Amino acid sequence: MRNIFYFAAFLIVLSSCKDAGQSKTESVVNTQKDTTTRTLKVNEVISFKGQQVTGVSVANDGRVFVNFPRWREGVKNSVVEVNKNKEEVSFPNAEWNSWKIGDEVLEDKFVGVQSVVAFEDKLYVLDTRSQLFQNVLDAPRVFVFNLVDNTLSKVYKLSEGSYHPDSYINDLRVDKKKNKIYFTDSGHAGLVILDMNSEVSKRVLDNHKSTSAEASYLTFGDKKWERAINSDGIALDTENDILYYHALTGYSLYAIPTSAFDLEDETQIENQVEFIAKTAAPDGMILDASGNLYYADLEHNKIQFRQADGNISTLLEGDKVKWADTFSIYNNELYFTNSRINEISGDISEMEFTLNKVALPNK
């Protein structure tokens, strides 16, 4: 009953966001052509029993990292490295992962990790500082660990005014050119831009149409998953300096040039937002080196990709895809987590959550 209460509370909080009350209409469908589905072998990397995995990131040397948000009691680890023997190793150590609900909030322990991103020789660990879908306990932040020796090298705390009490900072991308980090906020619609030089963050597109949920539910067969989730998926085109983003309960892909974030006037920033395409409702997103944008079709157990010319193809579909949550690419393979979010209504102790990988189409 306690878990059911938490999920109900989450619904109440999120449904208060702008545009969250809109129902899905006939206009929000994928109007792009979906070409031939490929028959591919899916390899299970590891399975987690009773531990709901969301994020995954594979470092340049092949090290695999995953995370488990604190959406309920009983989370054993916030961040884990999956070693070559398919063993789960607390990252960076057990002490960092030892925080429990009700404990004092400390500077050197994870509270509610939603995403991990390996970039160059560092691991960026996004801590929402939220538990049980409740308001933030203190400022959301990014812990940056040096992967050479697994030590903490930097902590970036979001500035006051760049997040709300009901924010759920969801995912991030690192922009080396501009020395910035871009975040989506799925709890309170908007993007957050962190300048790594000044360590100051600002909020943009707050409650904007492009960052707000378009629908109040998703459909899985004959069942409705009734939530309204705002800006979630995010992908950075480093070649053309464009940031893509997407609401989870929505069917519109948007983009904005990263140069827009240098502007101070919010109206000018909003004017640079571009609607790109109608797509399926996704969670996370990722771009490959060829400019293909990968994302899930959550409602139909698919992983799709949009090519630079606008054509949309299905990479994978079937029972090996169960709410493909987050993606990472290494050695021309797409890693994805199955978080099975729509299937959960209570106890998850007997459920299996998997990390899989599949070969990408030949370049």
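Is Lys180 buried or exposed? Lys180 counts as buried, with a relative accessibility of 8%; "buried" means under 20% relative accessible area, "exposed" means over 50%, and "partly exposed" is in between (1.4 Å probe, protein chains only). Keep in mind that this is a predicted model, where local features need pLDDT of at least 70, side-chain atom pairs count only at pLDDT 80 or more, and totals for chains, interfaces and linings use all residues. Residues are numbered from 1 along each chain as its sequence is written, and side-chain values use heavy atoms, with hydrogens and water left out.

**Salt bridges**

- Side chains of opposite charge can pair when their charged atoms come close.
- A salt bridge here is a side-chain nitrogen of Lys or Arg within 4 Å of a carboxyl oxygen of Asp or Glu, and the count by this rule is 20.
- Arg63 and Glu81 make one of them, at 2.9 Å from N to O.
- Arg63 sits in the loop between strands S3 (56-58) and S4 (64-67) while Glu81 is in strand S5 (residues 79-82), so this pair ties together parts that are 18 residues apart in sequence.
- Both Arg63 and Glu81 are buried.
- Lys180 has a partner too: its side chain meets that of Asp262 in a salt bridge at 2.6 Å, N to O.
- Asp262 is in the loop between strand S19 (252-257) and helix H2 (266-271), and Lys180 is in strand S12 (residues 180-185), so the pair ties together parts that are 82 residues apart in sequence.
- Lys357 pairs up with Glu333, and their closest N and O atoms are 3.5 Å apart.
- Lys357 is partly exposed at 22% relative accessibility, whereas Glu333 is buried at 17%.
- Shared partners join Glu107, Asp127, Arg129, Asp138, Arg141 and Lys157 into one salt-bridge network.

**Strands and helices**

- The helices (H or I, at least four residues) and strands (E, at least two) named here are DSSP runs, numbered from the N terminus.

**The nonpolar core**

- A nonpolar core is a set of buried Ala, Val, Leu, Ile, Met, Phe, Trp, Tyr and Cys residues joined through side-chain atoms within 4.5 Å.
- The largest one has 29 residues, and Leu218, Ile303, Leu315, Leu334 and Phe336 have the most contacts inside it.
- Strands supplying at least two residues each include S15 (218-220) and S26.
- Beyond its neighbours within four places in sequence, Phe336 is in contact (heavy atoms within 4.5 Å) with residues including Val42, Ile303 and Val358.
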